[in-house]
Amino acid sequence: MNAGSSINAQRKDLSPPMGSSLRAVPHTPPLQLVKTQGQVQIHTSPFRGSFSVVLSEALRSAGLGSKVLISQFLKGGVNQGPNGAINLCGRLEWLRPAIETCLPGEFPEENLSLKKKSEEKAIKELWEFCKKRIVEKRLDKIVLDEIGVAINLGFIEENDLISMINNRPSSTDVILTGQSIPSKVIEMADQITELR
């Protein structure tokens, strides 16, 4: 027996027996992409220092094509403000307030001066910029670093943060970092990471 007739014999063995009927495959609708649901994540610790983990996640997301905004509310020293954002990976925008130094976690009573008023103005300006970006629906992820301390210091209203979280586009992730995250905001979280 030659090779050609051997292959034909094997094909006959694989074909369905004569007289059997083939059933049609039922029609199924095509697969559809599921819209992603954004999460509220909190990274907190009793000390200032939960930002590095979040930064690496934000960089990774931007590198994979997501639009990311990082706002560090109490970190100054580079005198940025909303118009001086640093852009990384082409898709990550990093902001700090237009203030001269990093702010402490609390202000002594004697420091309630003109300087604190200018710092408050710079932080509120940054907060308004963040809310505008959320409303524009152009972000996949927003990181609000030390937002709890900014609320404790009276720079940002707790209810304003809650409203922003509730009214964000459903696919946008919100990541809050730092100490003193308000309990009502903690109740809204999908994931909480506590560093000790």
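Reader: Of the contacts with a separation of 6 or more, what share comes from residues 24 or more positions apart?

Author: Happy to start there, keeping in mind that this is a predicted model. Take the contacts in the chain whose partners are separated by 6 or more positions, and pick out those between residues 24 or more positions apart. Their share is 73%.

Reader: In what order do the helices and strands follow one another?

Author: The chain holds six helices and seven strands. Reading from the N terminus, the order is α-β-α-β-β-β-α-β-α-α-β-α-β.

Reader: Which element gives the most residues to the largest nonpolar core?

Author: This core has 31 residues, and Phe73, Trp127, Leu144, Ile147, Ile156, Leu161 and Leu176 touch the most other members. Several elements supply two or more residues, including strand 1 (40–44), strand 5 (141–145) and helix 5 (158–167). The top contributor gives six residues, and that is helix 3.

Reader: Which residues does Leu161 touch, leaving out those up to four places away in sequence?

Author: Leu161 is one of the core members that touch the most others. With residues up to four places away in sequence set aside, its partners are Trp127, Leu144, Ile147, Ile151, Leu176 and Val185.

Reader: Is Ile70 buried or exposed?

Author: Ile70 sits in strand 2 (residues 68–72). Beyond its neighbours within four places in sequence, it contacts Phe51, Leu55, Ala58, Leu92, Glu93, Trp94, Leu95 and Val143. Trp94 is 24 residues away in sequence, yet the two C-alpha atoms are 4.7 Å apart. Because the relative accessible area of Ile70 is 0%, and the cut-off is under 20%, Ile70 counts as buried.

Reader: What about Lys131, a charged residue: buried or exposed?

Author: Lys131 lies in helix 3. Its relative accessible area is 18%, and the limit is under 20%, so Lys131 counts as buried.

Reader: Last one: what percentage of the chain's accessible surface belongs to carbon and sulfur atoms?

Author: Of the 196 residues, 40% count as buried. The accessible surface of the chain comes to about 12100 Å², and the part belonging to carbon and sulfur atoms is 53%.

How values were computed. Residues numbered from 1 in each chain as written. Predicted model: local features only at pLDDT ≥ 70, side-chain atom pairs only at ≥ 80, totals over all residues. Heavy atoms only, no water. Core = buried A, V, L, I, M, F, W, Y, C linked by side-chain atoms within 4.5 Å. Buried < 20%, exposed > 50% of the residue type's maximum accessible area, 1.4 Å probe, protein only. Helix = DSSP H or I, 4+ residues; strand = E, 2+ residues; numbered from the N terminus. Contact = heavy atoms within 4.5 Å. Areas by Shrake-Rupley, 256 points an atom, 1.4 Å probe, with all protein chains shown as cover.
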